[in-house]
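Hi,

Here is the structure I promised to pass on to you. Have a look first, and my notes follow below.

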Amino acid sequence: MSFSNDIKQELAVSEGKARHCKLAELSAIVSFSGKLFMRENSLFIEMANPLTQQKFQMLVKSLFQSEKADAFQILESIKMWDAKSNCFKNMDAVDGLLIQQSCCRRAFIRGAFLSCGSISNPSKAYHFEIVCRTKQQAKQLCHAMQSFDIDARIVTRKKNQVVYVKEGEHIVKLLNIMEAHTALMNLENVRILKEMRNSVNRRVNCETANITKTVSAAVRQAEDILLIQNTIGLGSLPDHLREIAELRLEYPDASLKELGAYLNPPVGKSGVNHRLRRISEIAAGSNTER
């Protein structure tokens, strides 16, 4: 079962407490996925997705105390039907009066996601999206998300407009907005594991790079010392340089700090580094003379 489906199953059985929130969610479901059709001179509203249909029926029953409320009554309640003029109103977007309050915008986003939303597997990537039929619908949804400081954006995909969010932290916030608390905890667990794994990998990569750098430097130092030994001889070096040169050959894997500890008296890391740099300069000069 996909992560998206898990979220939708959680959302399909939850609903807002207030009537105005239920109307906001119902309006989103009808706007985003509702299909109208006539049968025996009666208008019906139907959803292709079973979970959306389940939520639709739950809201209708709660709002109208009947699972088979008249379609025109439903549309009028969400301001998509004008009974006085006997005509449909704009169905490309939800009436702004229904989503004025933040609690209603939460319900609206929840209904939109349940109808046409999806979230990628968080263990692979962070991507939240809701497919919209029109630009007007996408802009309204995007503005609703942005009212909660969500970095929501719109992209055109074939004939549709897609509202999407890429930031993992913002997707977590969206799950909280939609009140998908179980999914939120699951996503947070995945995020924590990913961050720990990435942190360990960065540390290992850093330590590996440092080890490689240290080993490469030690190899170059040994090569310089051997060059001096084979040309002008180590005896030609000043005592403090000869001493460190001999220690480097004896302890090829030792760090600068460890080499300094072998000296008598001990010398710090910077002192050892200075001496080895001087040896490299001498080696470069002896190689030129050859």
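To read the notes, start with exposure: a residue is buried under 20% relative accessible area, exposed over 50%, and partly exposed in between (1.4 Å probe, protein chains only). Please keep in mind that this is a predicted model, where local features need pLDDT of at least 70 and side-chain atom pairs count only at pLDDT 80 or more, while totals for chains, interfaces and linings use all residues. Residues are numbered from 1 along each chain as its sequence is written, and side-chain values use heavy atoms, with hydrogens and water left out.

Now the salt bridges (a side-chain nitrogen of Lys or Arg within 4 Å of a carboxyl oxygen of Asp or Glu). The count comes to 8. One of them joins Arg278 to Glu281 at 3.2 Å, N to O. Arg278 is partly exposed, at 39% relative accessible area. Shared partners also link Glu25, Lys55, Arg110 and Glu179 into one network of salt bridges.

Arg242 has a salt bridge to Asp239, with the closest N and O atoms 3.4 Å apart, and another to Glu246 at 3.5 Å. Arg242 is partly exposed at 26%, Asp239 is exposed at 58%, and Glu246 is partly exposed at 37%.

Finally, helix 1 (residues 3-12); helices (H or I, at least four residues) and strands (E, at least two) are DSSP runs, numbered from the N terminus. Because 7 of its 10 residues are buried, helix 1 is largely enclosed by the rest of the structure. Among those buried residues are Phe3, Ile7 and Leu11.

Enjoy exploring!
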